[in-house]
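Visitor: I have just opened this one and would like a slow walk through it. Could you start with whatever I need to know before we talk about how helices pack?

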Amino acid sequence: MKRDMELVIRVLKVIEEYHTSRSLSLSLEDEGYEDMIVQYHLRIMAEASLIVIDDVSTFAGGQYYINGMTWLGHDFLDSARNEKVLIAAKEKAESKGFDFKSLPIDVIKELLTEGAKNLLECNEIKR
């Protein structure tokens, strides 16, 4: 199964928007993501220290409840929040022949940081 960084960003946004003090069960089937794919991403996001999960898996498959986002998860989401920055990062990756969805998280963070800096510099010039 391939990692999908756009799904990672979507999951972090959902956690930020809907998380309460109780564990969160997540389904994004109405957005076109199969439950098996979402559950896989929850597991690898926890392995990457982006989120905290409870593993309630059975023999039938992985099942995870979200307990929250880590500091690293918040930082990553903050860097991906601005739509202009995100689009610029995707365009830069594609212009170099890479699929944004499959890039390593460190490369994506770097692209997002660079995009934010460029956006800030453009705003400074306009003043």
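Guide: A word on terms comes first: axes here are lines fitted to C-alpha atoms, for helices over the stretch in contact, and angles run from 0 to 180 degrees between N-to-C directions. Please also keep in mind that this is a predicted model.

Visitor: Good. At what angle do H1 and H3 pack?

Guide: Helix H1, residues 5–18, packs with helix H3, residues 71–80, at an angle of about 110°, and their axes are 10 Å apart. Angles of 65 to 115 degrees count as roughly perpendicular, so H1 is roughly perpendicular to H3.

Visitor: Which residues in H1 and H3 meet?

Guide: From H1 there are Met5, Val8, Ile9, Leu12, Lys13 and Glu16, and they meet Gly73, Phe76, Leu77 and Ala80 in H3. By type, the residues of this contact divide into seven nonpolar, one polar and two charged.

Visitor: How do H1 and H2 pack?

Guide: H1 and H2 pack at an angle of about 80°, again with axes 10 Å apart, and that makes H1 roughly perpendicular to H2. On the H1 side the contact is made by Leu7, Val8, Val11 and Leu12, while H2 brings Ile37, Val38, His41, Leu42 and Met45. These residues divide into eight nonpolar, one polar and no charged.

Visitor: Let me stay with H1 for a moment. How many residues has it, and how far does it reach?

Guide: H1 has 14 residues and reaches 20 Å from its first C-alpha to its last, which is close to the 20 Å expected at 1.5 Å a residue. The N-terminal end of H1 is capped by Asp4, where a side-chain oxygen lies 3.0 Å from the backbone nitrogen of Glu6.

Visitor: And which residues of H1 are buried?

Guide: The buried residues of H1 are Met5, Leu7, Val8, Ile9, Val11, Leu12, Val14 and Ile15. For Ile15 the relative accessible area is 2%, and because buried means under 20% relative accessible area, Ile15 counts as buried. The C-alpha atoms of Ile15 and Gly68 are separated by 6.9 Å, although these two residues are 53 residues apart along the chain.

Visitor: Switching to His41, where is it, and is it buried or exposed?

Guide: His41 has its place in helix H2, residues 35–47, and it is buried, with a relative accessible area of 0%. If its neighbours within four places in sequence are left aside, His41 is in contact with Lys2, Arg3, Asp4, Leu7 and Val8.

Visitor: What else is buried in H2, and what do those residues pack against?

Guide: Besides His41, the buried residues of H2 are Val38, Gln39, Leu42, Ile44 and Met45. The buried residues of H2 pack against H1, strand S1 (51–55) and strand S2 (64–69). As for its dimensions, H2 has 13 residues and reaches 18 Å from first C-alpha to last, close to the 18 Å expected at 1.5 Å a residue. Just after H2, Ser49 takes a positive phi of about 65°.

Visitor: Now zoom out. How many helices and strands are in the protein chain, and in what order do they run?

Guide: The protein chain has five helices and two strands, and from the N terminus on the elements run α-α-β-β-α-α-α. Buried residues make up 33% of its 127 residues. Of the contacts in the chain with a separation of 6 or more, 58% are accounted for by residues 24 or more positions apart.

Methods. Residues are numbered from 1 along each chain as its sequence is written. This is a predicted model: local features need pLDDT of at least 70, side-chain atom pairs count only at pLDDT 80 or more; totals for chains, interfaces and linings use all residues. Side-chain values use heavy atoms; hydrogens and water are left out. Helices (H or I, at least four residues) and strands (E, at least two) are DSSP runs, numbered from the N terminus. Angles under 35 degrees count as roughly parallel, over 145 as roughly antiparallel, 65 to 115 as roughly perpendicular and the rest as oblique. Contact means heavy atoms within 4.5 Å. Ala, Val, Leu, Ile, Met, Phe, Trp, Tyr, Cys and Pro count as nonpolar, Asp, Glu, Lys and Arg as charged, and the others, Gly among them, as polar. Buried means under 20% relative accessible area, exposed over 50%, partly exposed in between (1.4 Å probe, protein chains only). The expected span of a helix is 1.5 Å times one less than its number of residues. A polar contact is a pair of N or O atoms within 3.5 Å; within protein, one must be able to donate a hydrogen and the other to accept it, and residues adjacent in sequence count only if both atoms are side-chain atoms.
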